[in-house]
Amino acid sequence: MSGCADVTDNGAAISVTGIARDFEAGGQTLRVLHGIDLDVQAGQLTYLVGESGSGKTTLISIVAGILYPTEGCVRVFGTDIYSLSDRALVEFRLNTIGFIFQQYNLIPTIDAASNAAVPLIAQGMNREEATERGRTMLERLGIGDQAGKLPSQMSGGQQQRVAIARALVHEPKLVVCDEPTAALDAKSGRRVMDLLREVAVASDRSVIIVTHDNRIFDLADRILIMEDGRITHDGTDVPANER
Amino acid sequence: MIWIAIRMLTGDRQKFYGLVFGIAFSTLLITQQLTIFVNLLNRGATAVHNIATVDVWVMDPVSRTQDVVFPLPSTALDQVRSVPGVAWAVPHLRAGAAVRTPDGDLEGVTVVGVDDTTLIGLPRNLIAGTRDDLSVPSSVFVDDVGRTRLFPEDVDPIGARLELNDQRAVVRGIVDVDPSFTSQVVLYTRYSNALNYVPGTRNRLSFVLARAAPGVAPEELVRRIETQTGLKARTREDFAQDGVTFIIENTGIPINFGITVALGFIVGIAIVGLTFSLFIRDNIKQFGALKAIGVHNGKIRAMVAAQAGLVGLIGYGLGVLMATLFISIGGATSVDFKGFYTPWQIPLLTLLAVALIILGTGWVALRRVLKTEPAAVFR
Ligand SMILES: Nc1ncnc2c1ncn2[C@@H]1O[C@H](COP(=O)(O)OP(=O)(O)O)[C@@H](O)[C@H]1O
Ligand SMILES: [Mg+2]
């Protein structure tokens, strides 16, 4: 059973204990995560790497409060998130977590500043103020001049920077990114990763990035490698044979 | 978030216009067809509506409507006059005849014979001529729609000579009335004249028109006339309704209009349903992202409702506007729509149909959005 009833809070920013997750596929139950334990500290940039199908997306979905684990406990800044009601969990995500998706998922018919402001608008801030903050965040990400453009008028790298602005605008304590550079060319990918390192990482915030991109490992504080639903490596660098 | 929802929709021009068009088209079709339907039905009662002062129509027991009439014996008039509570009673004739126009064409007409002295039975409003002109021998008044059938547009019908049943008739007035269901030309003349204009010789009293004395309810007078004379009597309202019912029961009109209205509804559902589900499909990733970020289902519901509601309101407004324009332009340019009006129940009924379309398609769309797992955005 999932839940943190038997798990004492160890004070880590993110604390994952005994997480398992099953999927039903073709009448069979498939276990894709096998009892994962993981603590993540605030102020750190963590990379989660591993082959396709190893369970990275499943794991950060669970950490980010959008996928219920089959077993185990997830604490995010002290909150046992899966004991919250549905409504409270949604509210928790809105206030605590920033999301960056591979496909950006910007709203195509509103401009960059408005897109960046979405979490604030969802929190109930009035639109003018929210958009102003969205614009400020775009400036920090070096695309202040694009604030009035629609997503379709921007390059992929620029769109992903708008998505980063959206993930940071409400100053969440946890930021999760699933393959944020997968749809970008090497140069824009590097730029996006540099920006995440510079802008996203803060002393009271954890950033977890799922990535394939082994050219940018040098930016991470910590690197986790997953294989078949288990974490097989945990360190400040990758083993030589993975390079 | 409502602002975002509205922008999501209006920013997608093609689909937004498609949706508005779908609703507007449905609204136009339903409103316009219902309006024509109701007004056509009402034309089954125009002969009754056109004579305002009459409370009770008396007729042979087998007569059914203004145009489905079996003649009364001439004694019926005195019988009705002798019923207590009758303020006055006058003879009234409606009969078919053939008229020869100045050009030599033959045209079917309805001859209406009104009371010789009081002219009761002649509609109130005249476009040309005065009521006194009907007292001149051989005078007939023509209805303004029928006039266009008998005479070319540029010919002044006043003074024109017609030939009815080998008798001479002279047009001396034009009556402003709504046409009857059949739109047949109506010639009004004095009762004594009318007897000469219609073929046959006996029993040519179609109706006795009666007025109730002050303090006597028309329903009560109907009862008294029927018991005392053995004739059939109907109040003005009931007889008007009889004309409408006759059309409903004896023509394919209700079915035809029913089919068109249903088509308008179905086409609306099809266009709006398909377009809206395309719109949702195109935006499902965005909705998923919003759910992951932390927009709860209540707000998602409000967003989809705002999108559907906006489409419904604009589309309905446009549709009603178009239908109103259609009816008023039609009424102004074509005699076929003379006197057409839209009773308030019709826009309301259409609103209900639009609400059904919007609720139906909105609900399907919403289910899809609500079912989307936030985790799906990472896939
Ligand atoms: N919704 C799902 N239903 C069934 N199987 C799933 C589902 N999501 C993920 N899986 C399976 O779980 C395993 C891990 O997937 P995922 O976490 O996406 O891996 P990664 O992100 O490392 O590529 C894969 O074998 C995948 O097929
Ligand atoms: Mg993945």
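A salt bridge, as the term is used here, is a side-chain nitrogen of Lys or Arg within 4 Å of a carboxyl oxygen of Asp or Glu. A:Arg133 and A:Glu129 make one such pair, with their closest N and O atoms 3.1 Å apart. We will come back to this pair below, after a few words on the model itself.

This is a predicted model, in which local features need pLDDT of at least 70 and side-chain atom pairs count only at pLDDT 80 or more, while totals for chains, interfaces and linings use all residues. Residues are numbered from 1 along each chain as its sequence is written, chains are lettered from A and ligands numbered from 1 in the order in which they are written, and side-chain values use heavy atoms, with hydrogens and water left out.

## Where the two chains meet

Let us start with the interface. Chain A brings 30 residues into contact with 24 residues of chain B, contact meaning heavy atoms within 4.5 Å. The size of an interface is often given as the accessible area lost when the parts come together. Here the area buried between chain A and chain B is about 2400 Å², and carbon and sulfur atoms give 68% of that; buried area is the accessible area (1.4 Å probe) that two parts lose on being put together, summed over both. In chain A, the residues that lose the most area to chain B are A:Ile66, A:Asn105 and A:Thr109, together 22% of what that side buries.

What polar links cross this boundary? The rule finds 7 residue pairs in polar contact across the interface of chain A and chain B, both residues at pLDDT 80 or more. A polar contact is a pair of N or O atoms within 3.5 Å; within protein, one must be able to donate a hydrogen and the other to accept it, and residues adjacent in sequence count only if both atoms are side-chain atoms. The count of salt bridges between chain A and chain B is 0.

Several elements of chain A each supply at least two residues to the side that touches chain B: α1 (56–63), α2 (86–96), β6 (97–100), α4 (118–123) and β7 (174–178). Helices (H or I, at least four residues) and strands (E, at least two) are DSSP runs, numbered from the N terminus. The largest share of that side, 5 residues, comes from α2(A). By residue type, the side of chain A that touches chain B divides into 18 nonpolar, 6 polar and 6 charged. In this grouping Ala, Val, Leu, Ile, Met, Phe, Trp, Tyr, Cys and Pro count as nonpolar, Asp, Glu, Lys and Arg as charged, and the others, Gly among them, as polar.

## Salt bridges within the chains

Over all chains the count comes to 16 salt bridges. Three of them are listed here.

| Residue pair | Closest N and O atoms |
|---|---|
| A:Arg133 and A:Glu129 | 3.1 Å |
| B:Lys15 and B:Asp12 | 3.0 Å |
| B:Asp282 and B:Arg281 | 4.0 Å |

Why are A:Arg133 and A:Glu129 separated by about one helical turn? They are 4 residues apart in helix α5 (residues 127–140) of chain A. A:Arg133 is partly exposed at 40% relative accessible area, and A:Glu129 is partly exposed at 36%. Buried means under 20% relative accessible area, exposed over 50%, and partly exposed in between (1.4 Å probe, protein chains only).

In chain B, a network of salt bridges links B:Asp12, B:Lys15, B:Arg281 and B:Asp282. B:Lys15 is buried at 14% relative accessibility, and B:Asp12 is buried at 18%. B:Asp282 is partly exposed, with 41%, and B:Arg281 is partly exposed, with 47%.

## The disulfide of chain A

The structure holds 1 disulfide over all chains, a disulfide being a pair of cysteine sulfur atoms within 2.5 Å. A:Cys4 and A:Cys73 form the link, with their sulfur atoms 2.0 Å apart. The pair links distant parts of the chain, 69 residues apart: A:Cys4 lies in the segment before β1 (14–25), and A:Cys73 in strand β4 (residues 71–76) of chain A. The link is right-handed, with 95° about the S-S bond, and both cysteines are buried.

## Two buried glutamines

A:Gln159 sits in helix α6 (residues 156–168) of chain A and is buried at 16% relative accessible area. Its side chain reaches the backbone oxygen of A:Met154 at 3.2 Å.

B:Gln66 is found in the loop between β1 (56–59) and α4 (76–81) of chain B, and is buried at 4%. A polar atom of the B:Gln66 side chain lies 3.2 Å from the backbone oxygen of B:Gly44.
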